[in-house]
Amino acid sequence: MIARQANFDTLSGLPNRRMLGELLDREIARLGWRGGRLALMYIDLDLFKEVNDSLGHGVGDRLLAEAGERLRDGVGESDVVARIGGDEFAVILSAVEDDSHVDLAAQNLIDALGRPFGIDEHQVYVSASVGITLFPDDAREREQLERNADQAMFLAKRNGRGQFAR
């Protein structure tokens, strides 16, 4: 139980930031030996604060849990979805062959999160901003990949939200 609490988000059941770091380190090491690429995406739910403020934290919590499910459903079995804090999620896409696969995956996740969430009697709408970075193209170390994904996510927000950026 202690290990579960240390490694998984209690609200969504997804890996947390700590576990994401360990999984990313492992995948980087594996790809370093075998070769290959991965994409790290940081995903922020746009206007989530307004949902919490107007409908309450209970609705916000249910929205976060369902958003995590939609993200999990939108990626492959070998990919990782984590909740890294607040309204931010991360996705590790393993075995990336070309950039168009990454772009399509990011757009599919944005579309999935853009569909209305039916929570109690409410139809809740959010959008998502996604920042993308690639290993080994953009960086070879976890910390730099995380910084790149975070900066790209803020670029997507600054460019109008509901989109992805690298």
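I began with the crossing of helices α4 and α5, which is right-handed; a crossing is called right-handed if the near helix is turned clockwise from the far one by less than a right angle, and left-handed if anticlockwise. The model is predicted, so I kept in mind that local features need pLDDT of at least 70 and side-chain atom pairs pLDDT 80 or more, while totals for chains, interfaces and linings use all residues. Residues are numbered from 1 along each chain as its sequence is written, and side-chain values use heavy atoms, without hydrogens and water.

**Helices α4 and α5**

I looked up the axes of α4 (residues 57-73) and α5 (residues 99-114): they come within 9 Å and cross at roughly 145 degrees. Axes are lines fitted to C-alpha atoms, for helices over the stretch in contact, with angles from 0 to 180 degrees between N-to-C directions. Helices (H or I, at least four residues) and strands (E, at least two) are DSSP runs, numbered from the N terminus. I listed A67, R70 and L71 of α4 as meeting L109, A112 and L113 of α5, where contact means heavy atoms within 4.5 Å. I sorted these residues into 5 nonpolar, no polar and 1 charged. Ala, Val, Leu, Ile, Met, Phe, Trp, Tyr, Cys and Pro count as nonpolar, Asp, Glu, Lys and Arg as charged, and the others, Gly among them, as polar.

**The sheet**

I traced an open sheet of 5 strands with mixed pairing, in the order β2-β3-β1-β6-β7; strands pair if DSSP finds at least two bridges between them. The edges are β2 (80-85) and β7 (164-165), each with a single partner strand, so one side of each has no neighbour in the sheet.

I then followed β1 (38-46). It is joined to β6 by 9 antiparallel bridges, with I43 opposite V130. Its pairing with β3 is also antiparallel, over 6 bridges, and there M41 stands opposite V91. On the β7 side, β6 (residues 127-135) runs parallel, with 2 bridges; V130 has F164 as its bridge partner.

α4 lies across β1, β2 and β3, and α6 (residues 142-158) lies across β1, β3, β6 and β7.

**N7**

I found N7 in α1 (residues 2-7), buried at 11% relative accessible area. Leaving out residues up to four places away in sequence, N7 touches L14, P15, N16, R18, M19 and E22.

Terms used:
Buried < 20%, exposed > 50% of the residue type's maximum accessible area, 1.4 Å probe, protein only.
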